[in-house]
Amino acid sequence: MDEALGRGQEGFRATERLARLGAEARRLVVARRAELFVALLLAVMAFNLLSAIGRKSITNDEVVHIPAGYYHLVSGDFRLNNEHPPLIKMWAALPLLLVQPEEPPPPRTSDEDFMERTWGFHSRFWQANRARFEAVSYWPRVMMAPLALALGLVIFVSTRRLFGARAGVLAAALYTVEPTFLAHARVVHTDVAAALVYLLFFYTLYRYAETPTLRRSLLLGLACALALLTKFSMLVLLPVLAAGALARLLAVWRRGSERRRTLVHAGAVALVVLLSVNAAYYFRRPALEEPDVRWVATKSAPVFKEVTGALRALSTVVPTYFLFGFYNVAIHNQYGHSTSLLGRASDLGWWYYFPVAFALKTTLPFLLLSLAALLWALWRGLVRRDRRFLLLLLPLAVYAAISLTSHINIGVRHFLPAYPFLFIASGALLERLLQTAGRRRVPALAMVVVVLGWAGFEAARAYPHYTSYMNQLAAARPHWWYLSDSNVEWGDDVAALADYLKARGETQVRAAISGGWATLNLYGVEHVSLIDAPGHVLPETRYTAIGASYLNGSVVPGGEPGTGRESDEARRDYFAPYRERRPEAVFGNSIYLYRER
């Protein structure tokens, strides 16, 4: 009898092992299937980005970023364009080491401040490479696509870890069809990269908190360093790191070995951050150039000694032009940036700018879904104490807080680091709907299909004009009435304008368009500026081209008496007569072309 009982138990254990193996096999099949779906989604996104790059010209900011990135790489000089950290520009410029563009003379240092130095160098760079403009401008933009795909992958991995593989696929799907990301994922800039490193930092922080090891602390330090070298707004992560380290230290204070290990890990994080930041600047910490000292004296006269003293002291451990770049961003935020919102103008912006921009620039299905997911996450996190949702809400709240207090209101792109957490929460909510049983399952499945299908339709409908995309909430007026600057026009339709004019035998156009003063002549059409000194007689041209941001008036510069731009009101209405005219053609919903004769 004992023998029979033993055989029965052995059989039971064998059955149990087979059941576990079956469950594990099913889990692996589901995981592999999810990974395949995400790979296909990202492949479609990559095709979208690469095809759009071939159809769009470089943006206003890329005119500066591409030459600056190349100059950082080949000379190790970080004075150019220092208000943006160098990492992403250098990454984008890597193919130029093979293209070997012509290198203009280096910037002068005796009398040019950092702004004059940057814009002067870019002009010389593009003129020197006029014959190879297409190649020099194309390959750096291609380099941005892998960063966008990496962000999609991190969104999937993060969501899968918190809410399962199917939620990860849904979150990645929402990401790959969102027009705002499709617009900026092909641009040599820091915005999409900032979303990547911000999410990556919190993912590595979460993994470290799960199992604190030296290896994970080193990865956390590296993630933090990558963030700091991508965008200066990522400095907000330093207090997050400090608060996390302090909280852990207090939790283990009475356990000596744990306390020592926590201190070692904190030291490792700090060391990796310092070494990485210095390495990106080639371990160079030169004294601040005299023109840059004068710039500080102009912008911060009451605290000049304190600022320059702090820069000198901190530059013993942190690169000088990393510090100076952060200073310039802080000054930019202090003085603000001319902008507009819903027909109103301001230099300092509005606290509600980014919520409104998000509401207008996001597809309606994702807008409604993300709002529902946010409310659901608040309930699950704060009421039901589900720790997974708190891991989403904290990073979102941190970045929303610094966005709401920003005075640089020139594009929803500055809010992109908050988006991934909304994608993750939305994917989790859709997954929860799909778990609905019984008679409610069919309506829940239909809702998921409608959301994803509608979002995909919006992406297809807007292709490739994602920069100027707005949803149906902005249907009543022209897009430039709602928002300005990189939300509606950024210079990436200059090539289409040039092709249209050349097809009609035109080689000259009077214009006020973003970036056109730098790139239009590279496409074979002379740019005759509509914004010039008083008394200057403009040549007659058959066409006049006005960018959406100039129709809006927010980017029209002030002028001396006699220019018609003496006051804020005058400059914002400088192109008001064109607002009532019917354009002959509109390119990418961003450049309006008017026939004069």
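Which order do the 5 strands of the open sheet have? Here are some friendly notes.

1. The model is predicted: local features need pLDDT of at least 70, side-chain atom pairs count only at pLDDT 80 or more, and totals for chains, interfaces and linings use all residues. Numbering starts from 1 along each chain as its sequence is written, and side-chain values use heavy atoms, without hydrogens and water.

2. The order is S4-S3-S5-S7-S6, with mixed pairing. Strands are DSSP runs of E, at least two residues, and helices are runs of H or I, at least four, numbered from the N terminus; two strands pair if DSSP finds at least two bridges between them. Strand S4 (526–529) and strand S6 (585–587) each have a single partner strand, so one side of each is left without a neighbour in the sheet.

3. S3 (residues 508–512) runs parallel to S4 over 4 bridges, and Ala 511 stands opposite Ser 529 in S4. Helix H23 (residues 494–503) packs on the sheet, touching S3, S5 (543–547), S6 and S7 (591–595); contact means heavy atoms within 4.5 Å.

4. H12 gives the largest share of the lining, 9 residues.

Notes. Axes are lines fitted to C-alpha atoms, for helices over the stretch in contact, and angles run from 0 to 180 degrees between N-to-C directions.
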